[in-house]
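Please look over the sequence and the model shown here before reading on. The report begins with the chain as a whole and then turns to a few of its parts.

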Amino acid sequence: MYKLDLKKLAEYAGADFEIVHRCKTVSTNDDAKRFAKQFASDSSAGAFLKPVLFVCDRQTGGRGRIGRSWTDDDGTVCMSLLIKNAVSPSFSQRYVIAAAVAVQKTLADYADGIRIKWPNDILHNGKKLCGILLESVGNAVIIGIGINIANSSFSPDIEALAVSMKMITGKNLSAEAIAAETVRRVLSYSKLIAADEGFESLLDEYKQVSCTIGQDVSILGADGKKTFGRVTDFDCYGRILLEDGAKKIITIDCGDVSLRGKNA
Ligand code: BTN
């Protein structure tokens, strides 16, 4: 939980996006989904013109990838960006890559060693700094982002796994500046994705800061199946490519990567 200063956030945001704030909500992704559905079903309301950023002071039922929950820790900024007129669902994973690069680049302005673990966990020395959850409603995408910015500590169940920008830098950084800069980057990449331009170079940037590429990993799928192999690449759909022991390439679109490899 982090109470963003809305006036500051709006100043940083400029005219690029609208902000919808709730003091307490179950999930900002749910808020964005409801909003998108409402506009999709109300033709007289017309389309919302600008992207909308949903923020809250407190999130009580945050959701993570692969059906997991997301805990609202003290110092974590929780926000969801709703972008209309996104690309077809088969390419929507490109927004996952875009969001991961956007967060990584923004945080890298403040600290070294920030990496992306496929598909979109942002890590520092193996500990999680940010999680991203992409969902879609019709042709709108919702990019839910939780960034540990001002946390001084974490609850015992995740303290070995999580880290914050405050812990890394020792500084009280502006959460509003980080949130707005992240959103601005996502929006600029999303324009390229919608125009089907420049994804290759975005993917190159993603690969440069990936801590997954070249590694021996195991990937736990949503069906509970584990796949082992060496990561060789990511493709134009944002999928991960693994080479198994028989040199066969396996393509996986969703899962949880463990960098500890075969004996994990
Ligand atoms: C993950 O690491 O599994 C993804 C976590 C995504 C959490 C963010 S917090 C804001 C938005 N609202 C949610 O319910 N989830 C995302």
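The accessible surface of the chain comes to about 12,400 Å², and 49% of it belongs to carbon and sulfur atoms; accessible areas come from the Shrake-Rupley method with a 1.4 Å probe, and for residues only the protein chains shown count as cover. This is a predicted model, in which local features need pLDDT of at least 70 and side-chain atom pairs count only at pLDDT 80 or more, while totals for chains, interfaces and linings use all residues. Residues are numbered from 1 along each chain as its sequence is written, and side-chain values use heavy atoms, with hydrogens and water left out.

**The chain as a whole**

The chain has six helices and 12 strands, where helices (H or I, at least four residues) and strands (E, at least two) are DSSP runs numbered from the N terminus. Its radius of gyration is 18 Å, which agrees with the value near 18 Å that a compact globule of 264 residues would have; the radius is taken over C-alpha atoms, and the globule rule is 2.2 Å times the number of residues to the power 0.38. Along the principal axes, the C-alpha atoms fill a box of roughly 55 × 45 × 30 Å. Of the 264 residues, 49% are buried, a term that means under 20% relative accessible area, whereas exposed means over 50% and partly exposed lies in between (1.4 Å probe, protein chains only). Among the contacts with a separation of 6 or more, 66% are between residues 24 or more positions apart, contact meaning heavy atoms within 4.5 Å.

The mean positions of the 34 positive and 32 negative charges are 2 Å apart. In that count Lys and Arg are positive and Asp and Glu negative, with His and the chain ends not counted, and each charge is placed at NZ of Lys, CZ of Arg, CG of Asp or CD of Glu.

**Helix 6 and its surroundings**

Which residues of helix 6 are buried? In this helix (residues 199-208), they are Phe199, Leu202, Leu203 and Tyr206. Seen down the helix axis, these buried residues fall within an arc of 100 degrees, so they line one face of helix 6; the arc is that of the directions from the helix axis to the C-beta atoms. Their cover includes helix 3 (93-108), strand 4 (114-117), helix 5 (175-194) and strand 9 (226-234). On the other side of helix 6, Glu200 and Gln208 are exposed.

**Single residues**

Thr76, which lies in strand 3 (residues 76-83), counts as buried because its relative accessibility is 1%. Neighbours within four places in sequence aside, Thr76 is in contact with residues including Met1, Tyr2, Trp70 and Asn151.

| Residue | Loop | Relative accessibility |
|---|---|---|
| Pro89 | between strand 3 and helix 3 | 65% |
| Asn125 | between strand 5 and strand 6 (127-137) | 71% |
| Asp196 | between helix 5 and helix 6 | 58% |

Most residues other than glycine have a negative phi, and most peptide bonds are trans. Phi of Asn125, however, is positive, near 50 degrees, and phi of Asp196 is likewise positive, near 55 degrees. A cis peptide bond, with omega about 0 degrees, joins Trp118 and Pro119, and Pro119 is found in the loop between strand 4 and strand 5 (121-124).
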